[in-house]
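Take a look at the sequence and structure first, then read on.

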Amino acid sequence: MTTLRRFTANTLFLLHLAFGVLLLVGWAFPHYRYLYLPLLISWPLSWILLGYCPLTKLEFLLRQEDNNGLDSETEFIYHYAHRFFGISLPL
């Protein structure tokens with residue numbers, strides 16, 4: 001079961017990364033506007049209505065099963081900037 005959980009968490013990571021890249025550069029591709037605009041609207045709405053990003057929360061809850069030291073309240077960018085680059089971003 002841990003393999004399936006890890007695979008799902010990694011898939012969510014890649015989906016989250018693709019979502020972020022699309023938010024950053026989606027405006028430059030008018031053909032994908034039908035996808036870009038709903039994602040652009042859903043991003044701040046999730047923060048306003050929920051107070052967090054559901055993709056981050058779900059990924060970290062899946063990873064927390066294997067890694068007890070993982071804080072599920074940490075933000076995506078802070079966690080991976082520290083993990084991959086050793087950078088501690090200010091809150």
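Which element gives the largest share of the nonpolar patch? That's α1, with five residues. Keep in mind that this is a predicted model, where local features need pLDDT of at least 70, side-chain atom pairs count only at pLDDT 80 or more, and totals for chains, interfaces and linings use all residues. Residues are numbered from 1 along each chain as its sequence is written, and side-chain values use heavy atoms, leaving out hydrogens and water.

**The nonpolar patch**
- Leu-14, Leu-17, Val-21, Leu-24, Val-25, Phe-29, Tyr-32, Tyr-34 and Leu-35 make up this surface patch, with about 930 Å² of accessible area together.
- Two or more of its residues come from each of α1 (2-25) and α2 (33-49); helices here are DSSP runs (H or I, at least four residues), numbered from the N terminus.
- For a patch, nonpolar side chains (Val, Leu, Ile, Met, Phe, Trp, Tyr) are joined within 5 Å, and like charges within 9 Å.
- Areas come from the Shrake-Rupley method with a 1.4 Å probe, and for residues only the protein chains shown count as cover.
- Leu-35 sits in helix α2 and counts as partly exposed because its relative accessibility is 39%; buried means under 20%, exposed over 50%, and partly exposed in between (1.4 Å probe, protein chains only).

**The buried side of things**
- Arg-5, Ala-9, Leu-12, Phe-13, His-16, Phe-19 and Leu-23 of α1 are buried.
- Cys-53, in the loop between α2 and α3 (54-64), is buried because its relative accessibility is 11%.
- Leaving aside residues up to four places away in sequence, Cys-53 touches His-16, Ser-46 and Trp-47 (contact means heavy atoms within 4.5 Å).

Note on methods:
Patches are made of residues with over 30% relative accessible area and no salt bridge: like charges are joined within 9 Å, nonpolar side chains (Val, Leu, Ile, Met, Phe, Trp, Tyr) within 5 Å. A salt bridge is a side-chain nitrogen of Lys or Arg within 4 Å of a carboxyl oxygen of Asp or Glu.
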